Amino acid sequence: MKIHEMTASRIAAGVRAGEFSAREAALDALKRIGEVDGTVRAFLRLDPEGALAAADRIDERVASGEDPGPLAGVPVGLKDNLCVEGREVTCGSAILAGYAAPYDATVVARLRASGAVFLGQLNMDEFAMGSSNENSSYGPVRNPWDPCRVPGGSSGGAAAAVASRQCALALGSDTGGSIRQPASLCGVAGLKPTYGRVSRYGLIAYASSLDQIGPFARSVEDVALALEVMAGPDPRDSTSAPLPVPSCRREPPPTLEGMRLGVPAECFSEGMSAEVEERFREACAVYRDAGAELVEIRLPRLPDSVACYYIISTAEASSNLARFDGVQYGIRSGAGEGMIEMYQQTRAQGFGPEVKRRIMLGTYVLSAGYYEAFYARALKVRRLIKDDFDRAFETCGCILMPTSPTTAFRLGEKTADPLQMYLSDIFTIGVNLAGLPAISINCGFDGAGLPVGLQIIAPAFEEPRLLDVARFFEGRTRHHLRSPVLGPGEEARG
Amino acid sequence: MNDGGITREEVEKVARLARLAVTAEEKQVFGRQLNSILEYMEKLGALNVDGIEPLDHVLPLRNVMREDIAASGSGPQAFLAAAPATRDGFFLVPPVLSD
């Protein structure tokens, strides 16, 4: 088996045992990227020298008998909103072109200390605002299963890179579904941890009360391994929870006898495609056959979560993105005309249309005369949405839902109507508003060969239970083992 | 909540508050798109939220203090190096006051 086809756990075991070197793993990943990324376009920047130097340090540790860490030699891609000291980080935006991060994000430092080898930065929707990766200032990513379709977003590059075997592990961020939805559309596993489980230090903020960093991989075991390394309190993030990190890589239980899994009645009335519904019902049957009890639950405010989310997230974004004003970072424009004009010109030139739209929306819902009707009301609805989940978890251990109402759509299909794009987030958004952990795993394919994602949601800080339920499904099915066919020089179809 | 939709003047006002220069075409397109999004958001007006405590954050937030001792950091040069214009260790901006 080629190294790039191995899981992260398998690569780390191979490097630790001296079966192959971290350098060989890095070279194989770089070769694979050279072969397929002309089609997929997941990476914005590669750092071969840095990757090989890091790999050599791992190999030296192995040779000298030191512990090289649980991610020894695993090639990792990073979404382009995670800071690596001295490396360019742009958030997929022209406004940060050329900006080099002055420090490492906490997750970057923790992965590095665990033996991970960083390959480069992965494409994304500008400032993580988007569900298709078409809002990047640097061009869209292609879905490896069909290059004329979107990979999902905003962590589209991370999902596509893992699906196309360019890296075994990638880190993304999830504010309203930006890990789970691209994981679903690209057929890989993507975990959004509980809010506060992972430090956000060094993650460029979109909506601070919703953002959370999480891993993408091709197996639930790998996602669990990455979470164990990333998670835990951090004095540099006051919102990181002061809780110890539980073991997430235990063997899945042999049976789910006695486990109650909730299926929300509302998810069948929110525009799910027929094939997604079929795969979802089949996934539920896998659990039922394993002894789990499936119970119908109610999430009555699910249909209101999109409106609630797009008020709160844009309000927070309008405030967070005020710092991009041509003074401390990135580009500057209109400097000859005075301070305010310089701000306005820099932001007009540096931000793309979706970011401008959301900043304006957020500014509007926070402005005098509209604050009460929009923002203050949305915060109350957010409470109702969280109450819905709390009530549901009184009767079930985890919730099952589709991740996305459809499989991957075509490039350009939804760009003309921002609201239609927002509505595709219906199944993922509530989890962020309530701060819960959730994972998307591959539960099969539609007739066109496009992957369908199963979303599993657990109560806050119950990642071990969440990952048990996900691993159980993976142990009974083979969908996650299928890989997209991509050859050198393959052109986008359609 | 929003009778008659967002006006051109309101689009201009919001752009000014957000420090965004917008073209005539952007005013028109953003105005139309914001209207359709805000109209959709008005559905929240139908929910009864009387007596509901707002939820601005899922965690019980409290201030986190550290020991008052010096620690190593990146230093001012690392931050100044990322700025578009600096002079003598300061960020350089266009004139704020005219004479």
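This is a predicted model: local features need pLDDT of at least 70, side-chain atom pairs count only at pLDDT 80 or more; totals for chains, interfaces and linings use all residues.
**Exercise 1. Describe how α2(A) and α3(A) pack.**

Step 1. The axes of helix α2 (residues 22-40) and helix α3 (residues 48-63) of chain A come within 7 Å and cross at roughly 155°. Axes are lines fitted to C-alpha atoms, for helices over the stretch in contact, and angles run from 0 to 180 degrees between N-to-C directions.

Step 2. Angles under 35 degrees count as roughly parallel, over 145 as roughly antiparallel, 65 to 115 as roughly perpendicular and the rest as oblique. α2(A) and α3(A) are therefore roughly antiparallel to each other.

Step 3. The residues in contact (C-beta atoms, placed from the backbone, within 7 Å) include A:Ala22, A:Ala26 and A:Leu30 of α2(A) and A:Leu52, A:Ala55 and A:Ile58 of α3(A). By class, the contact has nine nonpolar, no polar and three charged residues. Ala, Val, Leu, Ile, Met, Phe, Trp, Tyr, Cys and Pro count as nonpolar, Asp, Glu, Lys and Arg as charged, and the others, Gly among them, as polar.

**Exercise 2. Describe the sheet of chain A and the place of β4(A) in it.**

Step 1. Eleven strands form an open sheet with mixed pairing, in the order β1-β3-β2-β4-β6-β5-β10-β11-β9-β7-β8. Two strands pair if DSSP finds at least two bridges between them. β1 (43-46) and β8 (293-297) are the edge strands, each pairing on one side only. From one strand to the next, the twist averages 30°.

Step 2. Strand β2 (residues 75-79) runs parallel to β4(A), joined by three bridges; A:Val76 is opposite A:Leu169. With strand β6 (residues 212-217), β4(A) pairs in the antiparallel sense over six bridges, and there A:Leu169 has A:Ala217 as its bridge partner.

Step 3. Six of the six residues of β4(A) (residues 169-174) are buried, so the strand is largely enclosed by the rest of the structure. One side carries A:Leu169, A:Leu171 and A:Ser173, the other A:Ala170, A:Gly172 and A:Asp174.

Step 4. Helix α7 (residues 220-230) lies across β4, β5, β6 and β10 of chain A and runs at about 145° to β6(A).

**Exercise 3. Which element of chain B gives the most residues to the side that touches chain A?**

Step 1. The contact takes in 43 residues of chain B and 57 residues of chain A.

Step 2. α1 (8-17), α2 (24-41) and α3 (76-80) of chain B each give two or more residues. α2(B) gives the most, with seven.

Step 3. The chain B side divides into 34 nonpolar, four polar and five charged residues.

Step 4. Helix α11 (residues 353-366) of chain A packs against α1(B) at an angle of about 100°, the axes being 9 Å apart. That makes the two helices roughly perpendicular. A:Met360, A:Thr363 and A:Tyr364 meet B:Val14, B:Ala15 and B:Leu17.

**Exercise 4. Examine the backbone at A:Ser154, B:Arg19 and B:Asp88.**

Step 1. Most residues other than glycine have a negative phi, and most peptide bonds are trans.

Step 2. A:Gly153 and A:Ser154 are joined by a cis peptide bond, with omega about 10°. A:Ser154 lies in the loop between β3 (117-122) and α5 (156-163) of chain A.

Step 3. B:Arg19, in the loop between α1 and α2 of chain B, has a positive phi near 55°. B:Arg19 counts as buried, with 21 C-beta neighbours inside 10 Å.

Step 4. B:Asp88 has a positive phi near 50° and lies in the loop between β1 (86-87) and β2 (90-91) of chain B. With 5 other C-beta atoms within 10 Å, B:Asp88 is exposed.

Technical notes. Residues are numbered from 1 along each chain as its sequence is written. Chains are lettered from A and ligands numbered from 1 in the order in which they are written. Helices (H or I, at least four residues) and strands (E, at least two) are DSSP runs, numbered from the N terminus. Two residues are in contact if their C-beta atoms, placed from the backbone, lie within 7 Å. A residue is buried if 20 or more other C-beta atoms lie within 10 Å of its own, exposed if 12 or fewer, and partly exposed in between; C-beta atoms are placed from the backbone.
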